[in-house]
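Q: Please take a close look at a single chain of this model.

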Amino acid sequence: MHDPERVCDGPSCSNPAVVHLAQIENGKVSNTKYWCKSCAEAKGISTKTPSSFERSDAAAEESCTFCDTTMKDFKDTGLLGCPHCYTSFEPGLRRLLNRIHGSSQHLGKVYLPPDPSARDLDARVQALRRRLRRAVDAEDFERAALLRDRIRELEPAG
Amino acid sequence: MSDLQANPDFGLGWLDGAGPYSDIVLSTRVRLARNLQGHPYVCRASDEDRKAVFDAVAGAIEKTSFAGGGAVLFRMEEMKHRNRHIFLERRLVSRDLLDKETGKPSPGTAVFVFSGNPASMMVNEEDHLRLQCLVSGLRFMEAWGLADRLDEEISPYLFLAYHREFGYLTSCPTNAGTGLRASALAHLPGLVLTKEFEKVFRGIAQVGLTVRGLHGEGSEVMGNFFQISNQTTLGKSEEDLVDHLAQVVGMVIQTELQARQILMRDAASVTEDKVWRAYGLLRYARSLPYRELINLLSGVRLGVSLKILPSLRVSMLNELMIFSQTAHLEEAAGKELSKLERHAQRAEYVRAVLREGRGGIPFDPTG
């Protein structure tokens, strides 16, 4: 913790100490030095706190393989460059989505592409059934009938 | 859902005030954000990219039941400057559809206005598609139901950007998942006058919703009008998001009604005076800046709601809000207006409506 009362350890210096340099040996702090800004810099110790961009230079350079958007671009604008960015930056975006929405798992409508796979169809029917149960519970029978029709369209006859 | 079975409502359907609680909740809006696979988002799109998205969307619409006039297309580039701004004032398009630096539309930007449905769809806004439904009063489930039906009709003909885990992929991750943003535009003078609004708004924020000013994100609060909307779009179904918002707005309405009862119990004469003064100014003023109009309409709206001004209808007040904006006034005058002319024109229009009880300005956006 920063102690505002602590003064610099530098010879004949009484400036407030802003740099705390702790030496750790075998898990124990053995030697702590306190320096003011100018004494610390005289000893070649950097007093600058690295910015978040400097800390994550490598991550900021990462770019989307489809549209070349970098993480830095995204941080600057708040906008992704293309749908593929979600795959290019997947781990980081999953964390971000969790932070924004409290979840990264979509529970809404399941999109059915013009050329659906069996898995797409199955996911779509599951989601429609979930919505149908909800509509019935809410006694929204008009919606329930609509959802039932959508399920029927996807299920083989018989 | 709409009285206009055959014609587009051009963003005006909600003005009739036919929805429940329409004296307090002016309108309910639901919008869905969708994007096409294999195309950069609009923020990184070239003119050609935007045109390709537009062609894909226009091609898809042609395959739906909206072909042949069911969805009227307006390409922003081809519209007159004033008509673009009329669309903006009616919330059919957003400012983001116009280029931020030049204020002019970029190639490929467009809006489809649906016939017989209070709905429109912007092309090449922040996302490739922004489908929105705008209805009168507190009708979240109806607005969502309509948005869902339109989405179901169009999306089978488009390759949309969708991820099994993250849902519909959007340019800004704050919209990902359902891509759904629902909002109610509510008039809450009771909460403001009884100084209860801060407490209520804190409560709204705690349950994951947002309160904004009259014109949405980044806009200022005017005339005690507030937009209440969902903040998160992922991890819940559309029905859950919409239902939660409907319940919270329902509670806000009840709190507003209680606040109005307190006003009429403890400060009836002050409240009545406020209402009549607002009406008097609107009825006789010769110059009205828009901000002043909105503040006065707030007083009059409260008066209509409390039956202090029984001869006025909510629909007239809705019309005054929309038709007294700059582009609408200029359309009525048939020319550009200076600031002072605008204020005078607005006051004249408001006086005429209140005197004669007549409706809005006829406007043909295709002209």
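How many helices and strands does chain B have, and how is the chain put together?

A: This is a predicted model, in which local features need pLDDT of at least 70, side-chain atom pairs count only at pLDDT 80 or more, and totals for chains, interfaces and linings use all residues. Residues are numbered from 1 along each chain as its sequence is written, while chains are lettered from A and ligands numbered from 1 in the order in which they are written.

Chain B has eleven helices and ten strands (DSSP runs, H or I of at least four residues and E of at least two, numbered from the N terminus). Its radius of gyration, taken over C-alpha atoms, is 21 Å, close to the 21 Å from the globule rule for 367 residues, so chain B is as compact as a globular protein of that length. The rule is 2.2 Å times the number of residues to the power 0.38. The C-alpha trace of chain B spans about 65 × 50 × 40 Å along its principal axes.

Of the 367 residues in chain B, 52% are buried, with 20 or more other C-beta atoms, placed from the backbone, within 10 Å of their own. The largest nonpolar core has 100 residues; such a core is a set of buried Ala, Val, Leu, Ile, Met, Phe, Trp, Tyr and Cys residues joined through C-beta atoms within 7 Å. B:Val25, B:Val111, B:Ala147 and B:Ala186 have the most contacts inside it, a contact being two C-beta atoms, placed from the backbone, within 7 Å. Another core, of 24 residues, lies apart from it and includes B:Leu296 and B:Leu329.

Towards chain A, 36 residues of chain B are in contact with 31 residues of chain A.

Terms used. A residue is buried if 20 or more other C-beta atoms lie within 10 Å of its own, exposed if 12 or fewer, and partly exposed in between; C-beta atoms are placed from the backbone.
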